[in-house]
Amino acid sequence: MSETPLLYVYVVGFDGNGLDRVTSLTAGIDGGTLRPVSSHRGLTALVSSVPADRFGEENLPAQLEDLGRLEAVARAHHAVVDTAFAETTVLPMRLATVYRDEARVAAMLDERHDSFGALLRVLDGHVELGVKVYAVPQAAPAPQEPAEEAAGSPGRAYLQRRRAARRTTQDTYRAAAGTADAAARLAGSIASARTVHRPQQGEWSAGRGENVANEAYLVPLPEVERFRAELGALAQDTPGVAVEVTGPWAPYSFATEAAAGGAAV
């Protein structure tokens, strides 16, 4: 006999704000049907059933250590969050937030009503935009050596080129750091909140240079285009430095009070 399915929680929102429409627009983990679960105090969670033998306390860690499976779960999770966010203001829950039944989901909503409600009011009318600053030394022009220094033996010329390349790299990183500071000041003057993330490395920044700043901003909807235009233009005249503005996204970086993911409770 199979175990009773668990409930995977994707987002939380206020009652009557359109979460019920999301149930017909997308599916949950493994194609599961979405449904709302409401509390007595005016909050609703969007959930779907998931098998206990995969999302229970004993098996969930192994499932999330399987990179292929983790990617599939994350894609489905984010698809629900993004669809819900397009309909109404929602609080994204962390990946793999699982409860045993509807009664426990409703109890969680009641217990965290005040903190969830406060966050939803803060997030209302806002989106998340990302700002990444990159140092790209290979895109910066090398400083020109004086003509009299450029002449000489091949060995001397090689050392001069090495020194020039080193100066170019150092200058590029200084310029990128200055641009990152300027970006934080400019973004902070427009956004309502800021979160600093660890710079991305490896495949996440491949082809873009070295990521020296990776930040998220909570931006009022009327300011989104201004934010994108002004931040995007910040490094146009700075060779070897690039600024990337990403989003808009659901406000994952600002959902700090969302229930922690993990085994069913």
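## Burial, contacts and aromatic pairs

Of the 265 residues in the protein chain, 43% are buried, a term that stands for under 20% relative accessible area, with exposed meaning over 50% and partly exposed in between (1.4 Å probe, protein chains only). This is a predicted model, in which local features need pLDDT of at least 70 and side-chain atom pairs count only at pLDDT 80 or more, while totals for chains, interfaces and linings use all residues. Residues are numbered from 1 along each chain as its sequence is written, and side-chain values use heavy atoms, with hydrogens and water left out.

The protein chain contains nine helices and nine strands, taken as DSSP runs (helices H or I, at least four residues; strands E, at least two) and numbered from the N terminus. Where contacts, meaning heavy atoms within 4.5 Å, join residues at least 6 apart in sequence, 79% of them link residues at least 24 apart.

Three aromatic pairs occur in the structure; rings of Phe, Tyr and Trp (its six-membered ring) pair if their centres lie within 6.5 Å, and planes under 30 degrees apart count as stacked, over 60 as edge-to-face and the rest as tilted. Two of these pairs are set out below.

| Pair | Centre to centre | Between the planes | Class |
|---|---|---|---|
| Y8 and Y10 | 4.7 Å | 40° | tilted |
| Y217 and F227 | 5.8 Å | 55° | tilted |

Together with F55, Y8 and Y10 form one aromatic cluster.
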